[in-house]
There are 2 protein chains.
Amino acid sequence: MTIDSNQTWRDLTPLMNPRSVAVVGASQRTDTLPNREPRGNRVIRNLKNFGYPGRIIAINPKYREVMDCRCYRDLAAIPEPVDCVVLAVPNRSVPDLLESAAAAGVRAAVVFAAGFAETGAEGKSRQTRLEALSRERGFLICGPNCYGVLNVFGKAPLFASSIPPGFLAGPVALVSQSGGLSTTIANALMLNRHVGLSHIVSCGNQSGATFEEYFNYFVEDENTRVIAAFVEGFKQPERLLAVARKAVEYQKPLIILKGGRSEVSKRAAATHSGSLAGAAEVVDAAFRQGGIVSVRSLNELIDAVSVFSCEGFLKLYRGGRRIGVLSGSGGECTLVSDAAVNVGLEVPELTETTKSQLQEAVADFGNMNNPLDGTGAMYDDPNIFPRLLRALIDDSNIDVVTINLEANDPRPKELKSGNRFAAAIEKAAGSSTKPITCFSSVVGGPVDPEILLPLRAASVPLMEGAECATSTIERLAEYYEFKKSSSKPSTAPTIEQLDKTLSSGIMPAEAAFQLFQQFGILTVPTVFVRSAEEASRAAERVGFPVVLKIESPDVTHKSDVGGVALGLANVSDVRAAYERMHSQVAQCAPTAKIAGVIVQRMAGAGLEMILGINRDPLFGPVVLCGFGGILVELLKDVVVGIPPLSFEQARDMIARLRGFPILAGLRGKPPADIDSLCQAVVGVSHLAMSLGDRLAGLDINPLIVLPKGEGVIAVDALVEIK
Amino acid sequence: MTIDSNQTWRDLTPLMNPRSVAVVGASQRTDTLPNREPRGNRVIRNLKNFGYPGRIIAINPKYREVMDCRCYRDLAAIPEPVDCVVLAVPNRSVPDLLESAAAAGVRAAVVFAAGFAETGAEGKSRQTRLEALSRERGFLICGPNCYGVLNVFGKAPLFASSIPPGFLAGPVALVSQSGGLSTTIANALMLNRHVGLSHIVSCGNQSGATFEEYFNYFVEDENTRVIAAFVEGFKQPERLLAVARKAVEYQKPLIILKGGRSEVSKRAAATHSGSLAGAAEVVDAAFRQGGIVSVRSLNELIDAVSVFSCEGFLKLYRGGRRIGVLSGSGGECTLVSDAAVNVGLEVPELTETTKSQLQEAVADFGNMNNPLDGTGAMYDDPNIFPRLLRALIDDSNIDVVTINLEANDPRPKELKSGNRFAAAIEKAAGSSTKPITCFSSVVGGPVDPEILLPLRAASVPLMEGAECATSTIERLAEYYEFKKSSSKPSTAPTIEQLDKTLSSGIMPAEAAFQLFQQFGILTVPTVFVRSAEEASRAAERVGFPVVLKIESPDVTHKSDVGGVALGLANVSDVRAAYERMHSQVAQCAPTAKIAGVIVQRMAGAGLEMILGINRDPLFGPVVLCGFGGILVELLKDVVVGIPPLSFEQARDMIARLRGFPILAGLRGKPPADIDSLCQAVVGVSHLAMSLGDRLAGLDINPLIVLPKGEGVIAVDALVEIK
């Protein structure tokens, strides 16, 4: 693969793994309450507790030494420049300090303070200065409005929050826009899933380093195997797909919880981290095209990381959605089946071989099938559970074995029952050829480390709740399919002859149609005319029946002003329609400048669809396609994709339309020309790439999709140039 | 209200609160492992530990005494009959034992054993004997295949599972089909929510007492204020709505998690429209019509019970969906907003007054709005959190105050931060005029009793996770609206003149149309004819243009065999069509018996809908209504209701159609006659009640809904009589 060949990324090492750190805002004040300790002191304490191998310097004009570290008056006074400066100071001082740091040869900074782009005009202008430093001088900044960076293997916690002892090192790099959630997620992973971390980054407002840059750093980092993120907004969305594909290439799952899907939450995100959240559908399309594992809640994020970071489990997974469920509760069997079907998994019947073997092994149970209910009997007879588990592992109808296991640390202890099953699972997992995972019924309650730790060691990841567990396995199946699919990123062909000297505004219909033809999109034979006489000659040329449409830069909804005449069968109809149209438009839109009229042959009978380009505030041009009429009006049945799109990607898009069965041929009707529709989607995606920022919007409505083999044809179009 | 006036319910007291209990299956064997202890002994231990005030008798021919209880050889040997017998014996002995118990004057039984209707033919026949005892002799049976009954205030645990010390008594009665889930749910409520229980019933196969009977018992029980249930299937669905309405009348929320949504929906009814309304939708409709709080996961059940059982919280709630969110994490603010909007709640802007007050109080924060992000600052300055909380309580735009609170028992302890906020919440709740609830970000991890208990005492219920919390508040709003609405249960009028001597099979079109007219549903003028001559005279009578349709009990899809001719404008067209139709049908369906032809006036232009009656295997006749054509084919856009339906209920149904905007007048089109459509829905619901079990199915397709004021008209119909 030649992905990312023309992408260059900044080296984040001075920020992520600095050889030396200067802390501004540490003091000799030693308050005892941990939450009243100055943040600068907390950073020095974190560095020391974690065994930071580099040099720690304090910056404070009042002292020569703070917490056994050499203390300088200011950054310029340090004899040799440091890699990274940590600013634990109020927001007002930050821009000056960073500019002097850059001048003193410092290469990176962590800025904790809030009060930047997420607040008023003053904050925004402060952030502008930070962004300029990053952009113009390559100065690396984590934050502002964040907890900073914690590099676990590099022992470099430039981190504002207390770090508890017993921190669990492991393969997961976590980046969270929110500082609070960064520690919430990390603690849940370590304590409730026994999943270790390689890094925690709370990236805040991303004034310098962006999500995309952190992702790239982690893709290249040898200690990281899984990247997890809580994102409110992307700063370099144009690079997201490139880094996502690089992550797929490096076999590192990138799991993202994207907040800010609704209007209200977009407002919340803007005030929290100054982020533009982007349209939810566009973000979903980008995630899908990039092979990003998209989760919808904190608990799904935690369970997805639990599974995707379990290497032994992943090695045994060969794709597929068929789960085998083993439980001691019939009720839970019912609930898991509901949850599984709800997310798109299958709970298939077991093979006849398995069923007859089970019949022999546990005769009392009657006919056993998937989900396997061990009932109360499996609590009484220790032989039952291992036999049921073995049956699922050996059954060829099953892709993933899921065990409903009460993994809670029970209160009181005498209720403890999960352990003996855990021991049986651990034993079975040792020789299992199939991935095994466990989940508890209810999410919540303390997780018993005596169950959690040995299972994790046996590559059996734990999840909580049937809903999260089934949803995570569905994500796993999708990720596997993405990796296997041939869906290579598409590249847009260069259109040499493309006229880039376009004037701003609505493009005349004829020019728009010529543009479409350059990108392989057929259009209805169309002639621009200025008189009734020209119109009738044109109608004879394109062939009857024809349509007349008024051509005016001031009229967008032509039919509203009498600017459309359909089904004109002969010359005299054309003449009459031409005159009537002019008088009607003059009456309805007296100020509209009329350029003339276009004459079109009526398109053949087919399905009316829409195809267009929209500009997303975050991702730029986005291709959208859907059905005309009621399905769009009522159900917003539209799919989107980020250009450039390959034919396969276009096909995936179209197949996700709820109305897809209409295209495929509903109720015995002939199938439509889906291939040509996909080619048209690819075509407008290339058009969007070629016109770049000049394209404000494009709307082909309708695009007639003819029966299979007969193509598609654009009837009316609106192209706006910036 | 006169609900339930003609409903009589059995008195469950001998089962739920027996004065004496005989235990069959207790022994002098005293194994030490708690899980190897005979279930009979466990029941006696439970009874003694719980301080059961009644008489405990053991039944075992080997002993005179078991666990200090008098032991008899068999039930007949007991001097005076006991209220309830507990059978901790293998399934084979159960039917004989119960029959002898009934003969000995015992009035109720708890049967733990599995191996009845849930297994093969032998088990089913065993259960049949139990059902006969219940039905014919009024013998009350809990189970089989269950854990039994635990009456907390009556101190009567006829319960197979160990009961931990420290059991929390309270207002919640829990009935679960699954034994395992009954204790899982109960433990989660007591330990993670500090919610106490009045009863636990694991009802198993409901061979005797049914969910509906337990619900009725709890509605009348003075110790119970909330009823929670995990249900796989109902045994007396025809009584469910009655008991649900009684629960509403008694102000006792009935909260149900219904499992088996996917399994049950496979049992789709046979007729074409039956496949559109699977059983899950029917259960949903019943729950909606009964004011049952319907939840979708164990965690939603637990959180709903947490809130609905918090009396102080409910007292302050005055309806409404506007939540105010307070958090110390901006990321959580974003996620809560996403979750809230997703379930239908609002996160409104605060009033200008509140905003300016906040501006003064916490000037550094810039513009504050809902959700309120206290940021890291609220951890440092103890004055901030109470001010923000007060602002939400006082703001007139807010209906419910929700606080994102880390309520975990932190590991290690030094991370503990929630407590000081809990103290501030407790204080504010004391004088709050508004309901306050707390929720943690991540579901899972141990809940800190130091936070949980005082907040619960202050009527601040705890929930876990933004998704569950917002979903629960939405349920609360719906329940409140149901209680306030005037939606009285509908009663069907008696149709005196209804011809009940109907013959089985497909009803002739003319008769079906006459039946509709009796229930106020207009039909297109229709005449049945047997010759071309009759057809042309009939056409002149009903008025041109007309439609001809073949009439044959053997042809269901008439157009497939050339049996429909549309738009016939004059007598000669009618004659020609009549002859052509006969020859075509003879060719396409040579064996079909042709009764004749019907002549109909073409219906006016309107929206084509379908309206019908389907038989659900559980709930019997169900009304369904939806759009004809693509919306039904593709999107299954159908709504269902349980007859009889009132006009308001019909309106609620119709308003839930995704295509409802089409009826209301999409894109400037005139609105359709929605009132007449609702009347027709009411009409078929009354028809279903009148025909009762004779009606196998009914399908009006299409029902033309004309513009507002012009009514609806049935064009074609299929009525099948059993």
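A nonpolar core is a set of buried Ala, Val, Leu, Ile, Met, Phe, Trp, Tyr and Cys residues joined through side-chain atoms within 4.5 Å; buried means under 20% relative accessible area, exposed over 50%, and partly exposed in between (1.4 Å probe, protein chains only). The model here is predicted, so local features need pLDDT of at least 70 and side-chain atom pairs count only at pLDDT 80 or more, while totals for chains, interfaces and linings use all residues. Residues are numbered from 1 along each chain as its sequence is written, chains are lettered from A in the order in which they are written, and side-chain values use heavy atoms, with hydrogens and water left out.

**Exercise 1. Find the largest nonpolar core and look around one of its residues.**

Step 1: The largest core has 91 residues. Those with the most contacts inside it are Phe516(A), Leu663(A), Ile700(A), Phe516(B) and Leu663(B).

Step 2: Take Leu663(A) and skip its neighbours within four places in sequence. Its contacts (heavy atoms within 4.5 Å) include Leu607(A), Phe627(A), Ile654(A), Pro671(A) and Val705(A).

Step 3: Apart from that core lies another, of 65 residues, with Ile56(A), Val86(A), Leu140(A) and Ala229(A) among them.

**Exercise 2. Work out whether Val21(A) is buried or exposed, and what it touches.**

Step 1: Helices (H or I, at least four residues) and strands (E, at least two) are DSSP runs, numbered from the N terminus.

Step 2: With a relative accessible area of 0%, Val21(A) is buried.

Step 3: Beyond four places in sequence, the contacts of Val21(A) include Leu47(A), Tyr52(A), Ile57(A), Cys84(A) and Leu158(A). Val82(A) is 61 residues away from Val21(A) in sequence, yet the two are 6.0 Å apart, C-alpha to C-alpha.

**Exercise 3. Describe how helix 12 (residues 330–343) and helix 18 (residues 466–484) of chain A pack.**

Step 1: Get the angle and the distance. The two helices pack at about 40 degrees, with axes 9 Å apart. Axes are lines fitted to C-alpha atoms, for helices over the stretch in contact, and angles run from 0 to 180 degrees between N-to-C directions.

Step 2: Classify. Under 35 degrees is roughly parallel, over 145 roughly antiparallel, 65 to 115 roughly perpendicular and the rest oblique. Helix 12 and helix 18 of chain A are therefore oblique to each other.

Step 3: List the meeting residues. From helix 12 of chain A come Glu332(A), Val336(A), Ala339(A), Ala340(A) and Val343(A); they meet Ala466(A), Glu467(A), Thr470(A), Ser471(A) and Glu474(A) in helix 18 of chain A.

**Exercise 4. Now try helix 13 (residues 352–361) and helix 15 (residues 384–394) of chain B.**

Step 1: Their axes come within 10 Å and cross at roughly 170 degrees.

Step 2: That makes helix 13 of chain B roughly antiparallel to helix 15 of chain B.

Step 3: Thr354(B), Leu358(B) and Ala361(B) in helix 13 of chain B meet Arg387(B), Leu388(B) and Ala391(B) in helix 15 of chain B.
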